[in-house]
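Here's a quick tour of a model, taken a piece at a time. Have a look at the structure first.

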Amino acid sequence: MISARGSGWRGRLIHVLEIAFIVAITAASLVPFLWLVMTAFKDRTDILSAIPRLLFTPTFSNFYEAFVVGEFDIYLKNSLMVATGSVMLCLIIGLPAAYAFSRFRVFGEKHLFFYVLSTRMAPGIALVLPLYIFFQSLGLLGTVWGVMIAHTAFNLALVIYLMRNFFEDIPRDLDEAALTEGATEWQVFSRIILPLARPGIVVTVVIAFLFSWNEFLFALMIGGSGASTLPAGFPGLVTPLGTYWGQLAAVSVVVSIPVLIMVWFIQRGLTRGLTFGAVK
Amino acid sequence: MRKTAWGGYAWLGPMFLFLLAFELWPFLVMFDQSLHFLNYTQPAKNGQFIGFDNYRKAVFDDNFFHSIRITLLFLVVALPLEFLLGLAVAVLLSYHLWLKRFVLPLLLIPMILAPIVVGLTARLNLNPDFGLIGIFLRDIGIATDGLLSSGTSAFFTIAAVDVWQWTPFLTMIFIAAILGMPREPFEAAEVEGANRWHIFRRITLPLLRPIIIVGLLLRLTDAFKTFDQVFIMTGGGPGASTELATIFAYKVNFASWNLGYGSAVVGLLFFISFILTFVLLKLMTRFGRRPLT
């Protein structure tokens, strides 16, 4: 692109100021979170100290309190089950649908994008209330299955749309050729399309996992106390008697670190995934 | 496109079943509920069919109206800031590309965090007794009781937290778009000796316009959904100063258990987001890269 062009001391000053601005913004996005991570490893006195403590003796007691003494080990298991299960459901239902939308002339194709957007754009509360009422009559409230289905309901549209988008990148000549050789649609789908779309599937899986793993309201209302996930466990640590900052921070670390690592690997696909392919 | 019409529908079968069972049907059940009286405080009247009374009540409910106004103000304060900051960082990064590799992954952290973690991070940092930012503000004499303790400052704080969380999203898509631009116009301008400001105004900004529109519209609809962060930071308070429409709808349903009325409120929110989505789709197909090719 364009390089900084100014010459002389003024140009150099602007150059330095620009870099300083970028570094300052980066620090601003990072420092509050680092403070939270540090809090997770502090004991009570260090957390509540009126002078911010950068140097302290790290302790794992908050993790012990939350995950061994408390119930967050169960919530962690629920979180893993819900996120994995809903991603799998999304793939089982969504991959064939995406294939159909990409390769066949089916009705509803034009409305797909509208459907995707309307389930992504509707506020969580607008999606959770219908399911809450429905699950109440089915007895699915307070079960991992209920939360899993709820997360599938809001992720499915995104998975279908993204995968259709990735399937479109695969030239049609490939499957046309295989079909004239006598392959069945299923063979084309499973032997040609899916292997070629693997990078796209990885991006889609990570994004769907991320949304499910981070989700709060569905897990709180539908999971309730019976199938609470990690995020849904947060309000339980904000009690009238006080806020358990240490444990909250420890749980936050456990919630955040795995997805930060996963997302780091798919950085390039992230832009495309989060803008429905509008920006590649 | 293959013409085998009926074969195609078999592939869509599971999707249709799922949509019918878990999206369309629950929605109809909720719509039905919105036409009935249902409130656990008055069990005697429960189940009575009252037509569109709940909707009429919602439209004239001052609290609902207030929450819609708070939501609009929230959008009006947060979005322009996110746009300006996001654009500034993206353009500056494009001048210093060697920084991008280190800076961008770090910048993305706030938007990858669970919204509930974002809210908690803000609450912890802003605490006037032991939070990093809270102590600093108290020491210089601003907000000695913490930013979340008074209505006005709490409102601007939730907007600021949204800026903190989502500016990186705009930076991310703007830098991707800038780097994907054709090089010729830039080279031609440089040969003619145009300065950076001119290049930005005359070339970068016009080429970026479709992406700016897409990005802002996605932010608009996403910000409309904001719930978790505000729920854990203020719960809508103090008073009702941060009570977004989503928080209001939550309270009516799951705090007052006024489910009949609550269904109507949620129905209206659904309607608003439906219209927003429709507008978004129209504008995206018009200005953006076509979503369906």
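## A covered helix

A residue counts as buried if 20 or more other C-beta atoms lie within 10 Å of its own. Keep in mind that this is a predicted model.

With that cut-off, how many residues of α6(B) are buried? The helix is mostly covered, with 12 of its 12 residues buried. The buried set takes in P115(B), I116(B), V117(B), V118(B), G119(B), L120(B), T121(B), A122(B), R123(B), L124(B), N125(B) and L126(B). The length of helix α6 of chain B checks out too: its 12 residues (115-126) should span 16 Å at 1.5 Å a residue, and because the end C-alpha atoms sit 16 Å apart, the two agree.

## Two domains in chain B

Chain B splits into domain 1, made of 29-60 + 258-293, and domain 2, which covers 65-252. Their C-alpha centres are 28 Å apart. Where they touch, domain 1 of chain B puts in 15 residues and domain 2 of chain B puts in 11 residues.

What's on the domain 1 side of chain B that touches domain 2 of chain B? That side has nine nonpolar residues, five polar and one charged.

## The largest nonpolar core

In soluble globular proteins, nonpolar side chains tend to be buried together. Here, the largest nonpolar core holds 168 residues, and I125(A), V128(A), I160(A), I222(A) and V265(B) touch the most other members. Helix α7 of chain A (residues 144-168) gives the most to this core, with 17 residues.

Zoom in on V128(A): leaving out residues up to four places away in sequence, V128(A) touches L217(A), F218(A), M221(A) and I222(A).

Terms used:
Residues are numbered from 1 along each chain as its sequence is written. Chains are lettered from A and ligands numbered from 1 in the order in which they are written. This is a predicted model: local features need pLDDT of at least 70, side-chain atom pairs count only at pLDDT 80 or more; totals for chains, interfaces and linings use all residues. Domain bounds come from an automatic or database domain assignment. Two residues are in contact if their C-beta atoms, placed from the backbone, lie within 7 Å. Ala, Val, Leu, Ile, Met, Phe, Trp, Tyr, Cys and Pro count as nonpolar, Asp, Glu, Lys and Arg as charged, and the others, Gly among them, as polar. Helices (H or I, at least four residues) and strands (E, at least two) are DSSP runs, numbered from the N terminus. The expected span of a helix is 1.5 Å times one less than its number of residues. A nonpolar core is a set of buried Ala, Val, Leu, Ile, Met, Phe, Trp, Tyr and Cys residues joined through C-beta atoms within 7 Å.
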